[in-house]
Amino acid sequence: MTIDLGALYGAARQRICSLVTADGADPTSPVPATPAWTVHDVVAHLSGIAADAASGNMAGAPGEAWTAAQVARGADRSVAEMLAEWSQTGPSLEAFLSSPAGAAVSAAVMDVHTHEADLRHALGLAVAVPAEFLGWAGPSLRDGLAVQIIEAGLADVAVEASDFEWFRGRLGRRTEAEVRALGWSADPSPYLDAFFVFGRAATSLGEGSL
């Protein structure tokens, strides 16, 4: 089955635009999954990625300084302004993602869906992640861990968990205790540093599972 990464990204972008402009969506609301950021900051980051991709400003990506600069650039801009920019820069990123070379920047697809779920949680909505995305993300994240395990010289391990838990867990939205509670075939301790791509969550988000 062929997955159109650009279409996945574009659909998530449209949903996020609707989320953050809906009645009652407060741009100053904190985002528990990214404790240093508000809803406004997450929009600045997401629109900033597409703007940086369009301008070729990719030095340091996806490091903390690069993302901090996106948030700083958006600090004095309204959500509406940033979404308008995203509507201009997003389609070119989507077109590249849909091309044969798009797999090289597939992290953008993981990122936009991660922050869509973060925003839904922050705005008091149930976390919903499209099945089509999870069907691609789950195997990708499993394969990525398998490669890291081989590179680290560790024994093979199986982890029984839903695609949703792989997605939220590996991308830093689960605590160490929550990840340890997954269906590991061996003691997870040696594997945890490899499992967490963006570190462990300090506290549980209490999202439940899909």
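Is S99 buried, exposed or partly exposed? In this predicted model, where residues are numbered from 1 along each chain as its sequence is written, local features were required to have pLDDT of at least 70 and side-chain atom pairs were counted only at pLDDT 80 or more, while totals for chains, interfaces and linings use all residues. Side-chain values rest on heavy atoms, with hydrogens and water left out. S99 has a relative accessible area of 25% and is therefore partly exposed, a class that lies between buried (under 20% relative accessible area) and exposed (over 50%), as computed with a 1.4 Å probe on protein chains only. S99 is found in the loop between α4 and α5, helices being DSSP runs of H or I with at least four residues, and strands runs of E with at least two, numbered from the N terminus. The C-alpha atoms of S99 and D4 are 8.6 Å apart in space, although 95 residues separate the two in sequence.

In soluble globular proteins, nonpolar side chains tend to be buried together. When neighbours within four places in sequence are left aside, W184 is in contact (heavy atoms within 4.5 Å) with V157, A158, V159, V179, Y191, L192 and F195.

H113, placed in helix α5, counts as buried because its relative accessibility is 2%. Not counting residues up to four places away in sequence, H113 touches L8, Y9, A12, R15, P130, F133 and F167. The C-alpha atoms of H113 and F133 are separated by 8.2 Å, the two residues being 20 residues apart along the chain.

The largest pocket has a volume of about 1300 Å³. For this analysis a 1 Å grid was laid over the protein atoms alone, a pocket being an open set of points with protein on both sides within 12 Å along at least five of seven lines, whereas a cavity is a set of points where a 1.4 Å probe fits but cannot get out; lining residues have an atom within 4 Å of a point. Grid points are joined across faces, edges and corners, and the volume is the space filled by probe spheres set on the points. Of the 49 residues that line the largest pocket, H45, P62, D111, H115 and F198 are the closest to its centre. The elements giving two or more residues to the lining are α2, α3 (64-74), α4, α5 and α6, with α5 giving the most, six residues. The lining divides into 29 nonpolar, 15 polar and five charged residues, where Ala, Val, Leu, Ile, Met, Phe, Trp, Tyr, Cys and Pro count as nonpolar, Asp, Glu, Lys and Arg as charged, and the others, Gly among them, as polar.

H45 lies in helix α2 and is buried, with a relative accessible area of 3%; leaving out residues up to four places away in sequence, H45 touches W37, T67, Q70, V71, D111 and H115. P62, in the loop between α2 and α3, is joined to A61 by a cis peptide bond with omega of about -5°.

The structure holds 13 salt bridges, each being a side-chain nitrogen of Lys or Arg within 4 Å of a carboxyl oxygen of Asp or Glu. R15 in helix α1 and E116 in helix α5 lie 101 residues apart and so link distant parts of the chain, their closest N and O atoms being 2.6 Å apart. R15 is partly exposed, with a relative accessible area of 29%, whereas E116 is buried at 4%. R174 and E165, both buried, form a salt bridge in which the closest N and O atoms are 2.9 Å apart; these residues also belong to a network of salt bridges that links D118, E165, R168, R173, R174 and E207. Within helix α8 (residues 176-180), E176 and R180 are four residues apart, about one turn of the helix, and their side chains meet in a salt bridge (2.9 Å, N to O). E176 is partly exposed at 28% relative accessibility, and R180 is partly exposed with a relative accessible area of 34%.
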